Amino acid sequence: MITLRFDETCLKHTRRVLLHAARERGLDGARLDDFLLAVEGVVNAVAHGGGGGRLSLWCGDGVLRCEISDQGPGISSRILAGSSLPPPVASGGRGIWLMRRLADEVAFTTGPEGTAVRLSMRLPPPAEADRRCPQALSGASPGPPQAEALRPLHRRPPALRHADTYEVR
């Protein structure tokens, strides 16, 4: 598991760590690009979530998970409920829209004390993932203690590729 604290002074370093860690765990090509773009939520945490936050990255059950948390004012339920690309004049929501399209699963926990966003990407088949993510076959699913606090409340319609859940505290 990798855990980083970040702010605007270390975004470049945080991106490099994520790139290296995701590659080491088996993501490559378009899947790696999608993951890195989805994790750009780090930038949102700096801009909208109090200037910084915490990032955790771990692997289990053949899935790479990244959780980004901040202590900002939270995300409005109106923005989280939206499923279409916000209009150009909208003040926000495009980052959330992008995360939902790029990650295999996205979960939001948000409220006045802050926000946690969890992104999940399936890793390549076990034969390839074994050497990068030994937990993939063991059934272990390590993660941050708050991992179990994220409860699915909303699923995307089956016509869309990605699952999406969120919880508003």
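1. Which residues is Leu55 in contact with, leaving aside its neighbours within four places in sequence? The list holds Ile2, Thr3, Leu4, Phe6, Thr14, Leu18, Val39, Val42, Cys66, Glu67 and Ile68. Keep in mind that this is a predicted model. Two names in that list, Val39 and Glu67, come back below.

2. Start with the overall layout. The chain has seven helices and six strands. Read from the N terminus, the order of elements is β-α-α-α-β-β-α-α-β-β-α-α-β. Trace that order on the structure above before going on to single residues.

3. Next, burial and surface. The chain has 169 residues, and 44% of them count as buried. Its accessible surface is about 8,900 Å². Carbon and sulfur atoms hold 56% of that surface.

4. Now contacts across the sequence.

5. The largest nonpolar core has 31 residues. Phe35, Val39 and Leu55 touch the most other members. Helix α1, residues 11-24, gives the largest share of this core, with four residues. In soluble globular proteins, nonpolar side chains tend to be buried together. Leu55 and Val39 are also in contact with each other.

6. How many salt bridges are there? The count is four.

7. Glu40 pairs with Arg15. The closest N and O atoms of this salt bridge are 2.9 Å apart. Glu40 sits in the loop between α2 (29-38) and α3 (41-48), while Arg15 is in helix α1, so the bridge ties together parts 25 residues apart in sequence. Is Glu40 buried, exposed or partly exposed? With a relative accessible area of 28%, Glu40 is partly exposed. Arg15 is partly exposed as well, at 38%.

8. Arg31 pairs with Asp104. Here the closest N and O atoms are 2.5 Å apart. Arg31 belongs to helix α2, and Asp104 to the loop between α5 (94-102) and β4 (105-111), so this pair ties together parts 73 residues apart in sequence. Arg31 counts as partly exposed because its relative accessibility is 24%. Asp104 counts as buried because its value is 7%. Arg122 joins in too: Arg31, Asp104 and Arg122 form a network of salt bridges.

9. Arg118 pairs with Glu67. Their side chains meet in a salt bridge at 3.0 Å, N to O. Arg118 lies in strand β5 (residues 114-122) and Glu67 in strand β3, so the pair ties together parts 51 residues apart in sequence. The side chains of Glu67 and Arg118 are also joined by a polar contact of 3.0 Å.

10. Is Glu67 buried or exposed? Buried means under 20% relative accessible area. Glu67 has 2% relative accessibility, so Glu67 counts as buried. Strand β3, where Glu67 is found, covers residues 63-70.

11. Last, go back to the opening list. Glu67 is in contact with Leu55. Leu55 is one of the residues that touch the most other members of the largest nonpolar core. Glu67 also forms the salt bridge with Arg118.

Methods: Residues are numbered from 1 along each chain as its sequence is written. This is a predicted model: local features need pLDDT of at least 70, side-chain atom pairs count only at pLDDT 80 or more; totals for chains, interfaces and linings use all residues. Side-chain values use heavy atoms; hydrogens and water are left out. Helices (H or I, at least four residues) and strands (E, at least two) are DSSP runs, numbered from the N terminus. Buried means under 20% relative accessible area, exposed over 50%, partly exposed in between (1.4 Å probe, protein chains only). A polar contact is a pair of N or O atoms within 3.5 Å; within protein, one must be able to donate a hydrogen and the other to accept it, and residues adjacent in sequence count only if both atoms are side-chain atoms. A nonpolar core is a set of buried Ala, Val, Leu, Ile, Met, Phe, Trp, Tyr and Cys residues joined through side-chain atoms within 4.5 Å. Contact means heavy atoms within 4.5 Å. Accessible areas come from the Shrake-Rupley method with a 1.4 Å probe; for residues, only the protein chains shown count as cover.
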